[in-house]
Every structure is written in structure tokens, then in C-alpha cells.
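Reader: Hi! Could you walk me through this one? I'd like to start with the overall picture and then go into the packing.

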Amino acid sequence: MRYAKSLLAAGLLALSVGSASAAESIKIPAQSWPHDGFFGTFDRAAAQRGYQVYKEVCAACHAMKQMRFRNLAGIGLSDAEIRAIAAEYQTVDGPNDDGEMFERPSRPSDRFKSPFPNEKAARAVNGGAYPPDLSLIAKNRVGGENYVYALLTGYADPPPGFQLGEGMHYNKYFPGHQIAMAAPVQPDGVTYADGTPATVEQMSKDVATFFAYAASPHLEARNSLGVKVMLFLFIFTGLLYATKRKIWKGLH
Amino acid sequence: MAKYDYVPSPFMANPIVKWIDHRLPIFELVDQQLIKYPAPRNLNYFWNFGSLAGIMLVIMIVSGIFLAMNYQASTLHAFDSVERIMRDVNYGWLIRYIHMNGASMFFIVVYIHIARGLYYGSYKAPREILWWLGLAIFLAMMATAFMGYVLPWGQMSFWGATVITNLFSAIPVVGDPIVKWLWGGFSVDNPTLNRFFALHYLLPFVIAGLVLLHLWALHVHGSNNPLGIDAKGPQDKIPFHPYYTAKDAFGLGVFLIFFAYFVFFSPYTLGHPDNWIEANPLVTPPHIVPEWYFLPFYAILRAVPDKLGGVLLMFGSILILFLLPWLDTSRVRSGRFRPAFRVFFWIFMVVTVVLGWCGSQPAEGLPLILGQVSTVLYFAHFLVFLPLLGWFERPRPLPASIAEPVLGGGGAPRAAASKPMEKA
């Protein structure tokens, strides 16, 4: 009974927190992800395809400054592949012995190259809108990777009577339904090396998987350690309960 | 503790222990206050939350020290340094999630601890100072949690800090200078972040000191108990060890399962997604909300259209608890024997949860009105219901002793043997 009451209190608490985030935006439909749940792991093939989508489509405007090339190992790329990808980009280094800054090919330890030097430059090129950094997009939007998928697949014609601003686009899931970004994912926008048909849904799901990884690169370590910790705690707590019972036995 | 005959534990006869104790009686202290310490024999699991709160404080301090080793209190680097902890520091994600969710766990535990005190009348004589010290700990916790939430320098960190520090500007005449003094400048900025970090590191040790005083005050008269009556003799008490060490250890295990679930499988649920966006003074989030544990107070703040009024009411909602030992006029401690109080207690619990919900919503329409009604009920509980209940309520008969319902026939308090009602 007392447990029931504390559980109820915890439930009410969870409810109030849950409604806090839900009330703020449009309902985002939840997708099912292989990285969901206690034993979830990232779909590496999807995450690699997603990286390709980011690299060939999103990276034109969106930075991912928290990501370094070496982080691509977590989605299954080999050391040689990572070095090759990094070398495609130039990183500013220096100053050298002459006091000059210089560019050199990137190494695995370098950060992903940002498309713009600063926010002002990004806004200047994008009609005043700032393409947000995507390193944490799967954490810093209500709905996480579900939001990414919903947004990318949520472009539609505005309903009759909807006043769309100049240069804006209608989206079912963007707060306020007006988004400056034109539908970025187009059918066959990229050509997948593994032959997967590049539909809008497929690409959106892939890139959302990649962003989920980028936001929580330790998710798999967290799940596997968590399962072990839980198992330990269940057994340990069971033993503690037996101990308590034994000690208190003589008292009542 | 005069009533209690202290029989030393066997280890007290060890010559090394004796040698040390003769010079510094630390073993005697442990033996008297932790091992042989007499506790009422009928404490239920709600009495577990005091030790859980102490353990949470230790968990927060230890995880916090390791975070501080990797954190940079600078507006330019704070957000990235936290991301570095999450991504590159060995097990940094684990330490951070323990600390982040630990704050919520600490408040859950302390709220249950306070609610237990409210229900069983633990604030009544002779435990008023014990109650005050608990409230002082609660206030220090709130300050610590607020400043800690600013440190990751996310959007909610920055805007939460802006909203809360601005509250002080409501104070007439000196309000604005006070706010500038708090900020160390003209807005929440680098000096603010620096001092918040310094204070966030300092305050937990202040809390630890207050906890020692809290324990000292507790051990003068010992724990209250579910019956709310004083121990009548040694048969009402049992030594803390092994009985309550074993009981608390099991409770700790259950609590750690709950805690670990959030740390490993749902680490973002109790936070706000906006705090994973770096602070930007030029972009205001559409809807600024504090962490869940402040929501009831936030609702009270916004229930009043006047800024100063709201601020006074919010602080008043906590300060009024200091007067609780005198506002509650009933001499019966435990809610178990107070049928009318029990109804109002649960109404009060619902009111605080409703306030929490209102605090999470934009201050308009239904949440605003509901918040205002709940605010009135919150204060009415202390200023109207509790004082009057003591006069009008007929408490049920109290058992003669703690041991009686436990050892006496059948477990139920026998009306014939019971003491007459304290208030007739």
C-alpha cells in the first residue's frame, strides 16, 4: 500500500514532466528504431547511409561541430575509411614557424568542417535564417530523431487559407508550420553505394539514425552497462531483502 | 537519551579502540550514534528517505567533483566542455548522467522526506529546530540546483538564470542594483557563470554542515514514528544496527534500481531538450520553464499578476513552512489518528502536483486559473485548515505505547487499553 502510494507519486511526477514537453509542440509520430529499448544498437548500415546524406546534402548549410572524423568509427567505418574521408577536407592549422596560419588535409582527430565561418555568415547566405548545428539535433528537439524524420518527410502544400511568408515553406511538423529550409531530401538525392533505393522516407530515416548516433555516441555502451547494472541491482536488492527479513524475524 | 541504557558493543573492549577512544572518542560516537542508537521499533519505509537523501548528497558531491575536473566555467567553453565530458572523457557520460539525474533523484527523495514529516507531524515539539534545519537544507539545495543548472550553459540555463535573477529586481528601490550585483555586470554573462560555479561547488559543503546539525538535533530526541507518540521505555526501541541498517540498505537497493533506470535508459526524460542548445542571448526560447522540481513554486510565482507580489508569494510558500510547528494547532502528531487532517493532507498533496503541472504550462487560460486556485489552497492549508483542524478535529484514540500495537494482541490498537484522546 505504501509502495503503491510512492509509485503513484512517481507516476504523477512523470506525467507532469511528460505533459510539459508534449504541450509545447505538434504531435510528432514515433518511429520504431533499432536503437530503442534496453538492448538497442544503432543500425550501422543506416547510420553510414545517413552520414552520406548529411555529407552530400545537409552539410552544405549545417555544421556538426561536436563531431570529429574519428567518431565515424562508432557507425562502423574503418580507420582507413575515416582517414580517407578526413583527407577530403581542409583544416586550418598553425601558426607555423613563419607565424602564418595554413590549411592542411584533415586528420581523424579534426572536427567536421563547418560550412560557414560564423553565424552571421550563415544567416547572410540563408536569407536571415540560421541553419542550426546538427550535432545534438536528436536531443535538443522535442521528439528527438522522430522529429528529424517527421520534419524531413513533413513537407506539403499549405492548407487553403494558410498565409505563407516570403521564401518560406510549409511543413506539417515545424513549430508554426513555416520553415525557411526548402525540402532538403529529394527522391534519389543521393546514390547509395549499397543499392538501397534512395526514397525520401529511406534517406530521412537514415540521416535521423546518423543524428541519433551523433547526439548520443555512447548509447550502446550505456545500454550494455545499464543492463548489467540492473541485473546486479536486482540480485543485490533481493539479497538485501532476504537479509532484512532474517534480521527482523526475531523482533515481531 | 537518559531513558536508554547504553551497553557498549563488543569492539569497544579492543585495546587499540580503547587507546584511541581515550584520546578521541570517535568509536564511542559511532557506537552510540550509529550502532546502538535507539530507534523506534515501528518505523516504516518512509523513514528510509532521510538516509537516502544523505546518500544522494554524497553521490552528488563525488560525481560533481569529477565533473568539475573537466568543466570550464567560461561562456565561450562551458557548453563545449560539457559535450567533451559526454563524448571524450572516459565514462564522462555516466558521471554526467548520474549528476544530472541525481539532482532530480535528490529532490524526489527530499520531497518524500518532507511529505513524510508533514503527514506524521515530525515538525512538532520537540523537533521544531530539527524541522528548521531541514528547511534550511532544502533552501540551500534549491540554490545549489538552480546554479548547477546554469553551468552547462544551454538555452534553459541562460534564460532560466535570467528570469530567476530578474526576480530580485522586483524589490523596491534596491532591486536593480541587487540584480546587477548578482550578475557582476549588466546581464547574465561570464562573471555570473563564474560565481555560480564557485557557489555551486561551495554550497554542497554548507549543506553537509547543515546535515550534521540536522542529525545532531535528530539524535537529541530520536526519530518520530508512524504512531507519533513518544517512546515509553526500552521495549519501544531497537538499536539502529542491525535493524535499520538492514532496512535502509534494502530501501537503498530499490531506490538505486529506480535511479539507474533513469541514468541508463531514460537520461533525458527529466530534463528539457532546449538545454542541449548552446546559450544564445539573442534567441529567447518560446517557453521558459525551470526544472520539474521548481515547477510548483514557479506556478505560485506566476499566479500573481504583480511581479513583487509573485516573488513574495513564492518565497512565502517556503518560508511559511518555518511557522508550521505553530500553525498546526493539534497536539496529535501522526496523521494516522487525525481523520480530518488526513483528508486535507491528501488534498494538499494533489494541490502541489497540480501546481507543478500549472508551472509547466504557459501562464494563460486554464493553467493560470488552476494555478491561482491551487495557490490559494496551498496557503489556506497552512493559514486556515491546519490552525482550525486542531480545534475542530476529534482525533482517534492513541495507543498506549509503540510496542503495544506491535506486541499486543492481533496488532490492532485495542480501544479499551488505549489512552483517552489527548484532546477531548
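Author: Happy to! One definition to begin: the radius of gyration is taken over C-alpha atoms, and the globule rule is 2.2 Å times the number of residues to the power 0.38. This is a predicted model, where local features need pLDDT of at least 70 and side-chain atom pairs count only at pLDDT 80 or more, while totals for chains, interfaces and linings use all residues. Residues are numbered from 1 along each chain as its sequence is written, and chains are lettered from A and ligands numbered from 1 in the order in which they are written.

Reader: Great. What radius of gyration does chain B have, and what would a compact globule have?

Author: Chain B has 24 Å, which agrees with the value near 22 Å that a compact globule of 424 residues would have. Its C-alpha trace spans about 70 × 60 × 45 Å along the principal axes.

Reader: How much of chain B counts as buried?

Author: For chain B the figure is 41% of the 424 residues. Buried here needs 20 or more other C-beta atoms within 10 Å of the residue's own; 12 or fewer is exposed, in between is partly exposed, and the C-beta atoms are placed from the backbone. In chain A, 31% of the 252 residues count as buried.

Reader: And what about secondary structure?

Author: Chain B comes to 16 helices and 2 strands, while chain A has 7 helices and 4 strands. These are DSSP runs numbered from the N terminus: H or I of at least four residues for helices, E of at least two for strands. The order in chain A, from the N terminus on, is α-α-α-β-β-α-α-β-β-α-α.

Reader: Switching topic: how many residues of chain A are in contact with chain B?

Author: 36 residues of chain A are in contact with 38 residues of chain B, contact being C-beta atoms, placed from the backbone, within 7 Å. On the chain A side, α1 (2–22) and α7 (219–249) give two or more residues each. The largest share, 15 residues, comes from α7(A).

Reader: Which residue classes are on that side of chain A?

Author: They divide into 19 nonpolar, 11 polar and 6 charged. Ala, Val, Leu, Ile, Met, Phe, Trp, Tyr, Cys and Pro count as nonpolar, Asp, Glu, Lys and Arg as charged, and the others, Gly among them, as polar.

Reader: Nice. Now the helix packing in chain B. How do α11 and α14 pack?

Author: Helix α11 (residues 295–303) of chain B and helix α14 (residues 339–360) of chain B pack at about 70°, with their axes 7 Å apart. Those axes are lines fitted to C-alpha atoms, for helices over the stretch in contact, and the angles run from 0 to 180 degrees between N-to-C directions.

Reader: What would you call that arrangement?

Author: That angle makes α11(B) roughly perpendicular to α14(B). The classes are under 35 degrees for roughly parallel, over 145 for roughly antiparallel, 65 to 115 for roughly perpendicular, and oblique for the rest.

Reader: Which residues meet there?

Author: From α11(B), they include B:L295, B:P296 and B:Y298, and from α14(B), B:T352, B:L355 and B:C358 are among them. The contact divides into 7 nonpolar, 4 polar and no charged residues.

Reader: And α1 with α2 in chain B, at what angle?

Author: Helix α1 (residues 15–23) of chain B and helix α2 (residues 26–35) of chain B pack at about 100°, with axes 7 Å apart. B:V17, B:I20 and B:D21 of α1(B) make the contact with B:I26, B:F27 and B:E28 of α2(B).

Key: Contact = placed C-beta atoms within 7 Å.
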